[in-house]
Amino acid sequence: MLYIGSHVSFDKNEQLVKSVKEAISYNANTFMFYTGAPQNTNRCNILDEKTLEALTLMKENGIYFDKVIVHAPYIINLANRNNMEFSVNFLTTELERCSQLGVKYLVLHPGSHVGVGVDEGLNNIIDGLNQVFTNDKGNCMILLETMAGKGTELGRNFDELKRIIDGVKDNNRLGVCLDTCHLNDGGYDINKFDDVLDEFDKIIGLNKIKCVHVNDSKNLFNTHKDRHENIGYGTIGFDNLLNVIYNKRLEDIPKILETPYINKIKAPYKEEIEMIRDKKFRDFINL
Ligand code: FE
Ligand code: FE
Ligand code: ZN
């Protein structure tokens, strides 16, 4: 079955109810959100009555809560010792918030080594994740996102992700989130997506994929840039993205759009989800 949604908002008053209403307005059947602003540490208390209200709303509107994703804030960086203590503590509280909400998956950027080098960076990430899974004994999984390799980002290829997974004790609590824009920019050819999946399967195992971020890219293959484009407007293209979305091996994995707002003000997700369901591109931005 196709589980398709987008990034949506969450606020301190309406909380998950706000996210669900936004997802409904796009005709989505799942969604992803941040539990607070991704660039700061202000976090509100989770109100269980709002979560319950949201659960009812999801049931009534065909949204599958077991496919809903939380994205961890960007300020977490486990790869460098300078940020380690803060990052471990903040990631622990994010996992706890997910557990309180009942969300099963938390997507994390593995981190940037900022000069200490790949090996030490990966070891720091492993160390950080081991601490986090010692602190939090809940059952929310952390999904390591495939990165474009911008700057000193780690997790830019399947080997690096594999090294992290192998180093973490509780690695049954680790999964992977594929991001099509990051794969393209990182040097994985979405034109040959079945080969990409074969390679992933050989190195990590397809059963680790729990989420796919579906984005087109503003940049060419292997440029290590990471700028998302609207579906069908970028260098990956509509048909290649459909191949990812409807790939038999990724059936039942939630697909989440993180494409840019049109003119920075209008969400594109209703139209993009409609095109994806219809399997037909139309130029909704320039119409
Ligand atoms: Fe991300
Ligand atoms: Fe992403
Ligand atoms: Zn990105």
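Strand E1 (4-6), helix H8 (238-245) and strand E10 (255-257) are among the elements that cover the buried residues of helix H9, in a model that is predicted, not experimental. Those buried residues of H9 (residues 269-278) are Tyr269, Glu271, Glu272, Ile273, Met275 and Ile276, where buried stands for under 20% relative accessible area, exposed for over 50% and partly exposed for what lies in between (1.4 Å probe, protein chains only). Just after H9, lysine 279 takes a positive phi of about 55 degrees.

**Conventions**

- Residues are numbered from 1 along each chain as its sequence is written, while chains are lettered from A and ligands numbered from 1 in the order in which they are written.
- Because this is a predicted model, local features need pLDDT of at least 70 and side-chain atom pairs count only at pLDDT 80 or more, although totals for chains, interfaces and linings use all residues; side-chain values use heavy atoms, with hydrogens and water left out.

**The chain as a whole**

- Nine helices and 10 strands are found in the chain, helices (H or I, at least four residues) and strands (E, at least two) being DSSP runs numbered from the N terminus.
- The radius of gyration is 18 Å, close to the 19 Å that the globule rule gives for 287 residues, so the chain is as compact as a globular protein of that length; the radius is taken over C-alpha atoms, and the rule is 2.2 Å times the number of residues to the power 0.38.
- Taken along the principal axes, the C-alpha atoms fill a box of roughly 50 × 45 × 35 Å.
- Of the 287 residues in the chain, 56% are buried.
- Among contacts (heavy atoms within 4.5 Å) between residues at least 6 apart in sequence, 76% join residues at least 24 apart.

**The iron ions**

- Glutamate 145 coordinates both the iron ion (ligand 1) and the iron ion (ligand 2), which are 3.3 Å apart.
- Histidine 71 in strand E3 (residues 69-71) and glutamate 145 in strand E5 (residues 141-145) are 74 residues apart, and the pair links distant parts of the chain.
- Both histidine 71 and glutamate 145 are buried.

**The zinc ion**

- The zinc ion (ligand 3) lies 5.3 Å from the iron ion (ligand 1).
- Because histidine 182 lies in helix H6 (residues 180-186) and aspartate 226 in the loop between strand E8 (216-217) and strand E9 (228-229), the pair ties together parts that are 44 residues apart in sequence.
- Histidine 182 counts as buried at 2% relative accessibility, and aspartate 226 likewise counts as buried at 16%.

**Asparagine 123**

- Asparagine 123, in helix H4 (residues 118-135), counts as partly exposed at 48% relative accessibility.
- Asparagine 123 and glycine 102, although 21 residues apart in sequence, are 30 Å apart in space, C-alpha to C-alpha.

How values were computed. Donors are N, O and S atoms within 2.8 Å of the metal (3.2 Å for Na, K and Ca); water is not among the atoms, so sites may look incomplete.
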